[in-house]
Amino acid sequence: MARRPRLGWLTLKDNGRVPRTSRMTLDVEGDPHVFHLMPRGIGKGSAIAWDLARRAIDPADAVAVGDSVSDLEMAPAVGRLFITANGAAVPGMAEAIAALPDVAATAGAMGLGWAEAVRAALG
């Protein structure tokens, strides 16, 4: 009998539902989910914290922009986090955003939301 590999070094994270668009060709019922499969201990927040420390940048001076549930991990590592409107529209995100300090949703989606976040951070 073949041995099953141990996968305890991996973590599977549900990154939330993806609203259906005209570009989506998946034949599934309802909105599909996005999952991240990655080595345990790896995350966007820890990567940002490491990079800011390496560059001697105060986290309060850093801004992040995201569009998904996994991007909320960046909030503790930066002074401000913006979630673009397309990410904020995913069910449950409004509550998750409201529960974190210094996190805001943009009015614009995708690139427009990113540009809005940059303007707000520079203003």
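Which residues lie nearest the centre of the largest pocket? Val18, Pro19, Asp67, Asn86 and Val90 do, among the 17 residues that line it. The model is predicted, with local features needing pLDDT of at least 70 and side-chain atom pairs counting only at pLDDT 80 or more, whereas totals for chains, interfaces and linings use all residues. Residues are numbered from 1 along each chain as its sequence is written, and side-chain values use heavy atoms, with hydrogens and water left out.

**View 1. The largest pocket and its lining.** A pocket is an open set of points on a 1 Å grid over the protein atoms alone, where a 1.4 Å probe fits, with protein on both sides within 12 Å along at least five of seven lines, and its lining residues have an atom within 4 Å of a point. The space in this pocket is about 360 Å³, a volume being the space filled by probe spheres set on the points. Its lining divides into 8 nonpolar, 6 polar and 3 charged residues, where Ala, Val, Leu, Ile, Met, Phe, Trp, Tyr, Cys and Pro count as nonpolar, Asp, Glu, Lys and Arg as charged, and the others, Gly among them, as polar.

**View 2. β1 and α2 at the largest pocket.** Both β1 (10-17) and α2 (85-88) supply at least two residues of the lining, and β1 gives the largest share, 3 residues. Helices (H or I, at least four residues) and strands (E, at least two) are DSSP runs, numbered from the N terminus.

**View 3. Ala56 in its loop.** Ala56, between α1 (44-54) and β3 (63-66), has a positive phi near 60°. Its relative accessibility is 70%, so Ala56 counts as exposed (over 50% relative accessible area, 1.4 Å probe, protein chains only).

Technical notes: Buried means under 20% relative accessible area, exposed over 50%, partly exposed in between (1.4 Å probe, protein chains only).
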